Amino acid sequence: MKRTMMSLTGVAVALAAVTGVAAVAAPGGGPEDTAGTGTRLPVQRSALLCPAPTSSEVGETTYTAFAPKGAAAGAGTKKGTAQLVPAATVKDAGSGDGGSAKGKKGKKDDKGGGVADGSGSLTVPPRDTKPVLPLQEAGKPVTTTTDRADAPALVGAADGTLAPGWTVQQTTAVAAGTGRGLLGLSCTTPDTTFWFPGVSTDADRQDYVHLTNPDATPAVVDLELHGKDGSLTDSAGEDISVPAHATVPVLLSTLTATPTTNASLHVVAREGRVGAAVQARDGKLGSDWLPAAADPSPSSVLPGIPKDATSVRLVAVAPGESDADLKVQLATPTGLITPAGLETLHVKSGMTTAVDLKDVTKGEAGSLVLTPADGGSKAPVAAALRVTRGKGAAQEMAFIPATRPVDKRATVADNRDKGSTLSLVAPEKGKDAKVKVTASAGSGGGTPVTKTYTVKGGTALDVAPPRPQGLKGGYALTVEPEAGSGPVYAARMLARPQGRVPAFTVQPMPDDRGSVLVPTAGQDLTVLTD
């Protein structure tokens with residue numbers, strides 16, 4: 001084992017090189033000093049990717065971009081810029097709407113786009129690089145709307161003062177057809193690995209994973225499905241080429257010959273990085289986006305189950321080498337309860353387990369809390385919920401993945417005059433959470449409003465969030481735990497009924513990671529390497 005000494009500058013450079021998204025500001029301008037551990041500084045660059053919203057001729061998509069005020073900037077930090085540009089949409093020859101994994105394997109061409117051989121050669125059409133949603137100032141959202149059935153995926157970045165906490169929401173309303181409903185997604189950050197519990201390859205579902213490459217070099221991605229008996233995909237999802245600045249939608253049912261209702265998808269970028277999100281369309285339950293779950297962990301929190309949910313299904317996968325036994329609890333306004341008949345859930349290593357919780361909330365706010373049944377297990381689990389509202393022909397589904405806690409700040413955009421519900425949960429008994437919630441100025445005008453909420457440890461709280469005074473247009477919500485607060489998780493439900501159908505979508509609100517902790521100059525920065 002070697003001992004390598006790194007300077008403070010080296011740590012910062014390494015961080016930027018590893019993430020490709022966040023770089024620290026230069027020291028010297030209002031940073032938070034965390035005594036003994038280092039200095040917290042705002043990120044200097046953020047990247048986001050929004051998948052193609054819909055192929056429906058009767059769909060309308062609203063994009064909302066926002067950056068919160070209050071991020072301390074380092075000395076010399078430039079005024080920020082933030083914008084998105086269209087990505088090229090890549091399809092298999094003759095695949096129609098979206099693509100399959102078949103034919104995407106092959107040798108990359110010399111230009112870094114598509115493949116040079118394979119039975120279904122990829123083509124990379126020219127793309128429009130006109131900026132979309134340029135953001136000029138922090139604290140005020142900007143919006144744009146499109147009804148194009150061929151609206152492209154978007155890739156973009158924010159830097160300087162607009163980078164910390166930059167968020168973009170895409171919300172699509174589809175009035176009719178297989179994809180009808182309300183589809184919402186907080187646009188994703190690029191990464192190299194994602195877990196999606198809750199996908200399906202059954203005949204009544206069409207699930208597409210959208211892979212978007214933000215970089216100037218191609219990415220190579222492997223897709224693997226896990227069912228109740230283990231892997232479902234063999235080599236069908238290997239070596240998928242995602243050209244530079246392009247998006248590739250893959251129909252999950254093409255990865256396996258075994259139709260599976262409850263499965264988990266693992267996305268791994270072996271070269272480069274991608275953004276990933278799953279669009280699920282159900283013939284009876286409408287459609288929505290399934291975001292990636294938080295990184296597999298022994299414990300998980302899934303916040304924001306609607307109080308009028310008529311059906312809730314939990315899907316979990318254990319990606320490690322050990323089985324996981326989970327204690328299942330529902331955090332309610334009065335405390336933690338155990339759903340009837342589900343004291344524990346056993347998840348086998350490498351396999352997916354699903355359980356129907358039915359109408360578990362029974363008219364009260366609720367969030368699901370999963371912890372090791374024996375208290376000391378370290379077996380990691382990724383989990384998500386499929387939630388249904390309504391009955392009969394007027395049902396609508398949405399997804400709630402496990403999410404990260406709000407450590408410093410979380411933001412969600414595209415709130416309107418009506419229809420938003422903010423869910424907060426403090427999962428640990430005896431550790432109350434106190435949070436400040438700020439409603440930003442509206443996209444068309446209005447004055448920000450701030451309100452403080454206390455969530456008793458071991459309980460959940462649903463509230464109608466504050467609204468800006470004199471609101472015009474849409475606005476953003478920012479959640480910030482106060483000093484000394486216990487752990488807190490958050491989600492936002494957006495409800496926009498379509499006739500008798502209770503159309504809705506839920507966006508988890510993980511910490512925005514708008515700052516990074518940089519070791520102080522006096523610390524031991526020894527890095528141990530093999």
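Analyst: Gladly; please keep in mind that this is a predicted model. The structure holds 1 disulfide, and that disulfide joins Cys-50 to Cys-187.

User: What makes the link between Cys-50 and Cys-187 a disulfide?

Analyst: The S to S distance between Cys-50 and Cys-187 is 2.1 Å, and a pair of cysteine sulfur atoms has to lie within 2.5 Å to be given this name, so the pair qualifies as a disulfide. In general, such a link is a covalent bond between the sulfur atoms of two cysteines.

User: Why is the disulfide of Cys-50 and Cys-187 called right-handed?

Analyst: The torsion about its S-S bond is about 110°, and the disulfide of Cys-50 and Cys-187 is therefore right-handed.

User: Which parts does the pair tie together?

Analyst: Cys-50 belongs to strand 4 (residues 45–50), whereas Cys-187 sits in the loop between strand 12 (181–186) and strand 13 (193–199), so the parts tied together are 137 residues apart in sequence.

User: How do you know whether Cys-50 is buried or exposed, and what about Cys-187?

Analyst: A residue counts as buried when its relative accessible area is under 20%. Cys-50 has a relative accessibility of 0%, so Cys-50 is buried, and Cys-187, with a relative accessible area of 7%, is therefore buried as well.

User: What about Val-312, is that residue buried or exposed?

Analyst: Val-312, which is placed in strand 23 (residues 311–317), has a relative accessible area of 0% and is therefore buried. Leaving out residues up to four places away in sequence, Val-312 touches several others, among them Ile-305, Val-355 and Leu-385.

Conventions
Residues numbered from 1 in each chain as written. Predicted model: local features only at pLDDT ≥ 70, side-chain atom pairs only at ≥ 80, totals over all residues. Heavy atoms only, no water. Helix = DSSP H or I, 4+ residues; strand = E, 2+ residues; numbered from the N terminus. Buried < 20%, exposed > 50% of the residue type's maximum accessible area, 1.4 Å probe, protein only. Contact = heavy atoms within 4.5 Å.
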